[in-house]
Amino acid sequence: ARYRRLWAPIAIGTVVGWLFPVLSGNPPSMLAAVAGLTMVPYLGFAKPYLLNRPAWSIFFELAANSLHAVLLGKIGTRAVLAIALTSAVILSLYCMKFGAITVGFRSSDFWAGMPRVLMAYCLGVALWRLRMTSRFPPGAATLLLIAALLFVPRGLAWDMAFVLLLCPALILAGAQPFGGRFAALLGALSFPLYAVHFPVLQMAM
């Protein structure tokens, strides 16, 4: 069901990404188109999703969904948090040579995307199970985000703190019933925009 829901926007982004090299007189490989349209990575390219690069994260999201059906949905919250912590440690060790959390979208470090997604996904599962939404005021999360983006230095330690501490706080704030139709519209638009933004920007540049 999730694959069906996510497929169409990613496919549209792939078609837009296919148009860019065609119009530039450099038609892409058919394998690149097949990988993009099926969301199956082709590790023969430097970037497994050559025509719509954000699709790499959707592949791992679907992998996490599958693992949820097989395992995560059947184990306790402590075990889920243990997987999140273990994934964070593995990811940190892997990312040290890069100095940042930007792994998973290249063929050379593609499978590092698994601990990257499991860290965040398992945290999300735990937050939902613990029903902690009412404990974090929305305004505080917004101020925290603005302060973090403006004043905190970059680097691996900051990236991990952002994902492990600030992002859960933002999710807790955003999961509360406020905002009405406008917020619902923004939420509905967020994934389609993500699915097409890279090839559109590529063509614009």
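Mentor: Let us begin with glutamate 61, which is partly exposed at a relative accessible area of 22%. This is a predicted model, in which local features need pLDDT of at least 70 and side-chain atom pairs count only at pLDDT 80 or more, while totals for chains, interfaces and linings use all residues. Residues are numbered from 1 along each chain as its sequence is written, and side-chain values use heavy atoms, with hydrogens and water left out.

Trainee: Why is glutamate 61 called partly exposed?

Mentor: Buried means under 20% relative accessible area and exposed over 50%, with partly exposed in between (1.4 Å probe, protein chains only). The 22% of glutamate 61 therefore makes it partly exposed. Arginine 2, with 30%, is also partly exposed.

Trainee: What makes the pair of glutamate 61 and arginine 2 a salt bridge?

Mentor: A salt bridge is a side-chain nitrogen of Lys or Arg within 4 Å of a carboxyl oxygen of Asp or Glu. The N to O distance for glutamate 61 and arginine 2 is 2.1 Å, so the pair qualifies. Because glutamate 61 lies in helix H3 (residues 55-70) and arginine 2 in helix H1 (residues 2-23), the pair ties together parts that are 59 residues apart in sequence. Helices are DSSP runs (H or I, at least four residues), numbered from the N terminus.

Trainee: How many salt bridges does a search of the whole structure find?

Mentor: The search finds 2. Arginine 106 forms one with aspartate 109, their closest N and O atoms being 2.6 Å apart. Aspartate 109 has a relative accessible area of 1% and is therefore buried.

Trainee: Which elements cover the buried residues of H3?

Mentor: The cover includes H1, helix H5 (113-130) and H8. Among the buried residues of H3 are Trp56, Phe59, Phe60 and Leu62.

Trainee: Why are H1 and H3 called roughly antiparallel?

Mentor: Axes are lines fitted to C-alpha atoms, for helices over the stretch in contact, and angles run from 0 to 180 degrees between N-to-C directions. Angles under 35 degrees count as roughly parallel, over 145 as roughly antiparallel, 65 to 115 as roughly perpendicular and the rest as oblique. The axes of H1 and H3 come within 11 Å and cross at roughly 175 degrees. H1 and H3 are therefore roughly antiparallel.

Trainee: What is the angle between H3 and H5?

Mentor: H3 and H5 pack at about 55 degrees, with their axes 9 Å apart. That makes H3 oblique to H5. Residues of H3 that meet H5 include Trp56, Phe60 and Glu61, where contact means heavy atoms within 4.5 Å.

Trainee: What makes valine 80 buried?

Mentor: Valine 80, in helix H4 (residues 77-95), has a relative accessible area of 1% and is therefore buried. Not counting residues up to four places away in sequence, valine 80 touches Leu72, Ile75, Cys122, Val125, Ala126 and Arg129.

Trainee: Why does methionine 203 count as partly exposed?

Mentor: Methionine 203 belongs to helix H8 (residues 180-204). Its relative accessibility is 34%, so methionine 203 counts as partly exposed. With residues up to four places away in sequence left out, methionine 203 touches Val16, Leu19, Phe20 and Leu23.

How values were computed. Helix = DSSP H or I, 4+ residues; strand = E, 2+ residues; numbered from the N terminus.
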